[in-house]
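Student: I am new to this structure. Please take me through one part of it closely.

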Amino acid sequence: MENMDLEYNTGRNQLVFREYGRNIQKLIEYAITVKDDKERQQVVQYIIDLMGQTNPHLRNVEEFRHKLYDHLFIVSRFKLDVESPYPIPTEEQFAIKPAPIPYPVRKMNYRHYGQFVEKMIKKALEIEDDEKRQAFTHVVGNYMKLVYEQWNQDTVNDIIIRQDLETLSNGKLSIDDDVILKKSNLTKKPKARTTPSYRKPKGQNRNFSGGGFKKRKKS
């Protein structure tokens with residue numbers, strides 16, 4: 001039996017990007033060992049083309065090619081000395097942990113209306129033209145009614161919407177009493193499904209007991 005030189009995963013170095021596979025990583029490791037600068041640059045260009053085949057529809061997208069070059073240097077542990085059309089990343093850039101993004105915490109007086117209603121009210125207050133502001137206020141009122149009914153699964157009186165609108169806008173927006181807000185059809189309950197009536201096949205006796213004809217008793 002021939003002595004086969006097998007390679008096991010336990011003896012391999014860590015795969016940096018699984019999506020490129022082991023062969024791409026080996027090619028990059030080979031590119032590091034190439035001493036001639038011109039030849040090394042050609043090898044890297046060949047590797048970039050191979051890496052681009054993972055997403056061929058993005059090969060010519062500038063941001064995608066930038067990402068490929070960044071991944072190339074990351075896989076090489078920043079040891080690859082080649083020219084790049086993009087800024088070459090450094091190991092220090094990836095060693096710094098990004099600052100945590102604070103979770104947005106906002107106090108909402110009426111959670112069932114959501115933040116979008118508050119933004120709409122703020123937008124309405126910025127409208128200088130009185131007629132346009134009043135028309136937009138009606139839109140806000142209709143949307144508040146829609147959201148209210150969606151949240152509570154029930155109808156709501158327009159008086160409540162008017163009061164909530166005045167509260168949220170600090171009394172700066174109002175809807176006249178003669179304006180009827182639009183009703184939504186979302187609160188209608190779906191029709192109950194009726195089960196089809198069972199029908200016995202034709203020819204089957206309703207009082208069929210399965211016992212056949214009974215013999216008459218002799219008198």
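Tutor: Start with R162, which sits in helix α7 (residues 158-168). Helices here are DSSP runs of H or I, at least four residues long, numbered from the N terminus. This is a predicted model, where local features need pLDDT of at least 70, side-chain atom pairs count only at pLDDT 80 or more, and totals for chains, interfaces and linings use all residues. Residues are numbered from 1 along each chain as its sequence is written, and side-chain values use heavy atoms, with hydrogens and water left out.

R162 is buried, yet it has no salt bridge. Buried means under 20% relative accessible area, exposed over 50%, and partly exposed in between (1.4 Å probe, protein chains only). A salt bridge puts a side-chain nitrogen of Lys or Arg within 4 Å of a carboxyl oxygen of Asp or Glu. The nearest side chain of opposite charge is D177, 4.0 Å away. Lys and Arg count as positive, Asp and Glu as negative; His and the chain ends are not counted.

Now look at the backbone. A polar atom of the R162 side chain lies 3.0 Å from the backbone oxygen of D177. The backbone oxygen of D176 lies 3.1 Å from a polar atom of that R162 side chain.

Contact means heavy atoms within 4.5 Å. Leaving aside neighbours within four places in sequence, R162 is in contact with I175, D176, D177, D178 and V179. H138, in helix α6 (residues 130-152), touches I175, V179 and L181, not counting residues up to four places away in sequence. H138 is partly exposed, with a relative accessible area of 24%.

Methods: Helices (H or I, at least four residues) and strands (E, at least two) are DSSP runs, numbered from the N terminus. A polar contact is a pair of N or O atoms within 3.5 Å; within protein, one must be able to donate a hydrogen and the other to accept it, and residues adjacent in sequence count only if both atoms are side-chain atoms.
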